[in-house]
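My plan is to go from the whole fold to the ligand and then to a single residue.

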Amino acid sequence: MNKTLIRMFFATLLVSCVLLLAVPRARTQNAVALSKAPTNAGDAPQPAELVYKNIQILKGTPADQLQPAMQFISNSLGVECEFCHVQGAFEKDDKKSKQTARKMIEMQLAINRDSFKGEREVTCFTCHRGSDRPVGIPIIADEEPKRPESPAASAAAPALPSGDQVIDKYIQAVGGADALQKNTSRVQKGTVNFGGRQFPVEVLSKAPNKRISTVHTPNGDNITAFDGHAGWLGNPGGRPPRDMNAQEVDAISFDAAFYLPTEIKKMFTQMRVRPAEKIGGHDVIQVIGIREGKPPVRLMFDKDSGLLLRTIRYAETPLGRNPTQVDYADYRADGGVKLPFQWTVARPLGRFTIQVTDIQQNVPIDDAKFAKPAAPSEQKPAAK
Ligand code: HEC
Ligand code: HEC
């Protein structure tokens with residue numbers, strides 16, 4: 001794993017599933033401008049061209065959507081930022097690939113406008129599929145391709161349960177709604193593992209929806225927090241914490257739901273049940289949670305145990321959706337409920353796993369623990 005990737009991971013060793021892989025340099029470079037960006041939901045978002053220096057095609061895109069869009073490009077081509085950018089000077093147009101990318105963005109917009117009624121059907125990934133050079137000639141596989149199942153076989157598939165039934169089974173599997181309510185806070189300690197490296201991690205959570213996770217890296221603490229209303233990210237290396245954007249808040253509010261099993265039904269306006277591929281040898285049933293004006297969430301449950309094995313979530317960007325997959329494993333009983341002691345957060349360009357080794361329930365946690373520290377200029381002497 002090269003240095004940039006490691007840096008990207010430090011920036012995003014998120015116990016939760018914040019979807020943006022932030023890049024410290026880009027952020028530092030734009031820190032001044034970004035801090036002027038409106039933080040109140042009511043304010044009109046600042047367009048990217050006012051915050052960044054050299055925006056030609058993505059004009060009018062909300063500034064906080066630019067980096068997620070860049071992440072989408074990197075994900076689609078399977079490249080890092082440096083494929084198009086000069087380190088530390090993202091506004092420069094020195095690399096030909098950046099100029100090509102501008103034309104490609106225009107092409108994507110044109111294809112969708114002219115051939116798909118303006119719906120975003122074609123994205124960078126449609127052609128690139130994780131490579132900088134798309135392949136135009138069909139590939140000859142090593143083995144005979146599998147023929148699609150005959151209609152007779154699929155007709156014999158057993159009827160699927162309803163979404164409510166799947167969720168009810170999940171609630172029972174973790175111990176039931178009453179057992180869940182008996183715990184109101186939790187402290188989990190363990191290790192985070194990525195690319196063969198390990199760091200200590202701590203997750204504090206409090207009902208109904210507060211959560212802070214801290215990864216202790218050699219460069220300092222990497223923090224992902226939600227105080228019940230707003231989310232923030234703390235960076236190692238003395239850079240000031242920053243507020244999460246709307247997509248990041250959407251992601252962490254899912255992770256922060258202390259009573260997730262009983263919250264799921266309230267999160268979605270509709271739940272569709274679909275079959276899915278096995279996970280780790282377990283038969284799986286999939287619930288697709290539909291929400292008004294937001295991307296869907298996919299939830300995979302163990303058909304036998306009823307436990308949640310995987311979620312796949314999407315962050316909307318101007319160019320396409322960035323996916324994040326979380327696998328839950330090593331379920332153990334503690335405090336009358338079953339909890340995953342291990343989870344793996346995977347994205348197109350990397351993954352990390354958290355293993356909990358120590359857990360305490362119902363320990364008092366002060367609300368102040370979840371609050372974003374004041375900016376240095378406005379900081380009062382800390383009352384600990
Ligand atoms: C395949 C090429 C490509 C990759 C990979 C890429 N970008 Fe970009 N980036 C662009 C293009 C093109 C623009 C200009 C967009 C425009 O003109 O509207 C841009 C603009 C930017 C800007 C605005 C700079 C300024 O001040 O004008 C930032 C910041 C940025 N990218 C960050 C990133 C980050 C961070 C990554 C890695 C996660 C990344 N980019 C990956 C092509 C790329
Ligand atoms: C309709 C298919 C299609 C879409 C959509 C598409 N590309 Fe491409 N792209 C290509 C093809 C084909 C090439 C290779 C051209 C060549 O080999 O000269 C290419 C080449 C590139 C290159 C040059 C790669 C290199 O190695 O120099 C970049 C950068 C690039 N695309 C970025 C993007 C980005 C960013 C998007 C999304 C905004 C995108 N492309 C969407 C088909 C597409």
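A definition before I count anything: two residues are in contact if their C-beta atoms, placed from the backbone, lie within 7 Å. I also note that this is a predicted model.

Entry one, the chain. With contacts defined that way, I looked at pairs in the protein chain that are at least 6 apart in sequence, and 49% of those contacts join residues at least 24 apart. I then went through the secondary structure and found 12 helices and 13 strands. For burial, I read that 30% of the 384 residues of the protein chain count as buried.

Entry two, the ligand. Which residues are closest to ligand 1? I found Y52, M70, C81, C84 and E91, in a surrounding set of 27 residues. I sorted that shell by residue class and got 16 nonpolar, seven polar and four charged residues. Next I asked which helices each supply at least two residues of the shell. They are helix 5, spanning 66–77, and helix 6, spanning 96–115. Helix 5 gives the most to the shell, with seven residues.

I picked F194, which sits in strand 1, residues 185–194. Why does F194 count as buried? The cut-off is 20 or more other C-beta atoms within 10 Å, and F194 counts as buried because it has 22 C-beta neighbours inside that 10 Å. I also checked F194 against R351: the two are 157 residues apart in sequence, yet their C-alpha atoms are 6.5 Å apart in space.

Technical notes:
Residues are numbered from 1 along each chain as its sequence is written. Chains are lettered from A and ligands numbered from 1 in the order in which they are written. This is a predicted model: local features need pLDDT of at least 70, side-chain atom pairs count only at pLDDT 80 or more; totals for chains, interfaces and linings use all residues. Helices (H or I, at least four residues) and strands (E, at least two) are DSSP runs, numbered from the N terminus. A residue is buried if 20 or more other C-beta atoms lie within 10 Å of its own, exposed if 12 or fewer, and partly exposed in between; C-beta atoms are placed from the backbone. A residue is near a molecule or strand if its C-beta atom, placed from the backbone, lies within 6 Å of it. Ala, Val, Leu, Ile, Met, Phe, Trp, Tyr, Cys and Pro count as nonpolar, Asp, Glu, Lys and Arg as charged, and the others, Gly among them, as polar.
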